[in-house]
Amino acid sequence: MILYPAIDLKDGNCVRLLRGDMEAATVFGDDPAAQARAFQDAGAEWLHLVDLNGAFAGHPVNAEAVGAILAAVTVPAQLGGGIRDMATIEGWLERGLSRVILGTVAVENPSLVREAALAFPGKIAVGIDARGGRVATRGWAEETDVMAVDLARQFEDAGVAAIIYTDIDRDGAMQGPNIAATEALARAVTIPVIASGGVSSMQDLLALRETRAIAGAISGRALYDGAINLSEALRALKG
């Protein structure tokens, strides 16, 4: 199981939100590139980046910070937030991103996901963010009647590289991930599923791995707070 350290970007800073609330942002650093290098030096094999402003604006906002991260590290990185057309997808991949995460458009324009996955094999992931199993879009500000499992199944034959499943009520709350819901989603589709939201301890990571169904886990606040030691966690997950 791959552990993805998260760098959430708001106004150029590394932050963490509490349950997706932009007004409840904690700033953990003003140098995202330095943070990315620190994660790489600790042994991270992937980075998970989120343009929080972009998710609300509907277009990239923290491009400068993302560019600095890509210039600072050699490990692959995936990015979500405000990516809603083919030109933006192409632009990010040309700049060196290894994977683009499509969230809102997966609900509003699923044909774009299929088109992108066909054009860029292995480079497109779907972000599914849910409250109570129902998908939320546009920076989690709008809730839909679409169920997470139903949305995931729409892309079974599309060739997407992964699904990033976030339980919004757990995100940033340090209360543990929703393992049951994440495992259920992972077993409902053949697409690799990455868990996000609430991963706050080594026990959480091991519990996710023990499902033998979940391909990866994203953690942010726990790494910044020191609740999870990245190097130790990476060694443990390989053990």
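This is a predicted model: local features need pLDDT of at least 70, side-chain atom pairs count only at pLDDT 80 or more; totals for chains, interfaces and linings use all residues.

Residues are numbered from 1 along each chain as its sequence is written, and side-chain values use heavy atoms, with hydrogens and water left out.

Let's begin with the annotation. In an unreviewed entry, UniProt lists Asp 8 and Asp 129 for "active site"; UniProt positions are given in the numbering used here, feature names are shortened, and annotations may be inferred rather than shown by experiment. Asp 8 lies in strand E1 (residues 2-10). Helices (H or I, at least four residues) and strands (E, at least two) are DSSP runs, numbered from the N terminus. Asp 8 counts as buried because its relative accessibility is 7%; buried means under 20% relative accessible area, exposed over 50%, and partly exposed in between (1.4 Å probe, protein chains only). Contact means heavy atoms within 4.5 Å. Not counting residues up to four places away in sequence, Asp 8 touches Asn 13, Cys 14, Val 15, Arg 16, Val 50 and Leu 52. The other listed residue, Asp 129, sits in strand E7 (residues 124-131), and it counts as buried because its relative accessibility is 17%.

E7 and E10 pair in the parallel sense over six bridges, where two strands pair if DSSP finds at least two bridges between them. How many of the residues of E10 (residues 162-167) are buried? Six of its six are. Both faces of E10 are covered, with Ala 162, Ile 164 and Thr 166 buried on one side and Ile 163, Tyr 165 and Asp 167 buried on the other.

Leaving aside neighbours within four places in sequence, Thr 182 is in contact with Tyr 165, Val 193, Ala 195 and Ile 214. Thr 182 counts as buried because its relative accessibility is 3%.

Now for the cores. In soluble globular proteins, nonpolar side chains tend to be buried together. A nonpolar core is a set of buried Ala, Val, Leu, Ile, Met, Phe, Trp, Tyr and Cys residues joined through side-chain atoms within 4.5 Å. Of the 65 residues in the largest nonpolar core, Leu 47 and Ile 89 touch the most other members. Helix H3 (residues 63-72) gives the most to this core, with five residues. A second, separate core of nine residues includes Trp 46, Ile 101, Ile 164 and Ile 218.

Our last stop is helix H9 (residues 202-210), whose buried residues are Asp 204, Leu 205 and Leu 208. Seen down the axis of H9, these fall within an arc of 100 degrees, so they line one face of the helix; the arc is that of the directions from the helix axis to the C-beta atoms. On the other side of H9, Gln 203 and Glu 210 are exposed. What covers the buried residues of H9 includes E1, H8 and E11.
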